[in-house]
Amino acid sequence: KMKKLLILTLIAFTTFNAFSQNLQKGNLVGLHTVTVKLNAKTTMDQLVDFMSTKWSAAESKFYSCDAKLLKYVRGIAVGTDKLTFLIIYKDAASRNKFYNPDGTTNEGGKAAEAKMKSITDEFNKLASIVKNEYTDWEVK
């Protein structure tokens, strides 16, 4: 477990470095890793295509953030049933418009979820989320 956390942290810092030209002091950066179960006729390539286009665009719009799907190219997650998303908010206050301190959705988050319903419904035809883990960082 500790090794996985270390690897995810290294990935995060590598990603931060790649995005450092766009990141500003005070930005909130989240890495969300989900374990998915594909539905019978769905391939991982189909899910990745959907998540990197439709889901990312909707998430960015309705949650006022910059959401990107990260593709595993090396390491322990390659070839697994996991997807990781990079989510950047202007600051913690922007994120807090949607989430409570314990990570649950607040009224703003519920409103954003309602706007995402058609995207969520489409996702549910492709796969389901078995596990969702995240860590948020503030840029210093």
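Predicted model: local features only at pLDDT ≥ 70, side-chain atom pairs only at ≥ 80, totals over all residues.
**Group meeting talk: a sheet, its helices and a pocket**

Residues are numbered from 1 along each chain as its sequence is written, and side-chain values use heavy atoms, with hydrogens and water left out.

So, what pattern does the chain follow along the sequence? It goes α-β-α-β-β-α-α-α-β, with five helices and four strands. Those are DSSP runs, numbered from the N terminus: helices are H or I with at least four residues, strands are E with at least two.

Four strands make an open sheet in the order 2-3-1-4, with antiparallel pairing. Two strands pair if DSSP finds at least two bridges between them. Strand 2 and strand 4 (127-138) are at the edges with a single partner strand each, so one side of each has no neighbour in the sheet. From one strand to the next, the twist averages 20°.

Let's zoom in on strand 3. Strand 1 pairs with strand 3 in the antiparallel sense over eight bridges, and Val29 stands opposite Ile88 there. On the strand 2 side, five bridges join strand 2 to strand 3, again antiparallel. Asp66 has Ile88 as its bridge partner in strand 3. Is strand 3 mostly buried or exposed? Seven of its eight residues are buried, so strand 3 is largely enclosed by the rest of the structure. Buried means under 20% relative accessible area, exposed is over 50%, and partly exposed is in between, using a 1.4 Å probe and protein chains only. For the chain of 140 residues, 35% count as buried.

Next, the helices. Helix 2 lies across strand 1, strand 2, strand 3 and strand 4, at about 170° to strand 2. Helix 5 lies across strand 1 and strand 4, at about 125° to strand 4. For those angles, axes are lines fitted to C-alpha atoms, for helices over the stretch in contact, and angles run from 0 to 180 degrees between N-to-C directions.

What about the inside? A nonpolar core is a set of buried Ala, Val, Leu, Ile, Met, Phe, Trp, Tyr and Cys residues joined through side-chain atoms within 4.5 Å. The largest one has 23 residues, and Leu47, Met51, Trp55, Leu83 and Phe85 touch the most other members. Helix 2 (44-62) is among the elements that give two or more residues to this core, and helix 2 gives the most, with five. Leaving aside neighbours within four places in sequence, Trp55 is in contact (heavy atoms within 4.5 Å) with Phe50, Ala67, Phe85, Ile87, Met116 and Ile119.

On a 1 Å grid over the protein atoms alone, a pocket is an open set of points where a 1.4 Å probe fits, with protein on both sides within 12 Å along at least five of seven lines; lining residues have an atom within 4 Å of a point. Which residues lie nearest the centre of the largest pocket? Of its 28 lining residues, they are His32, Glu59, Tyr63, Tyr99 and Asn132. Strand 1 supplies the largest share of the lining, five residues.
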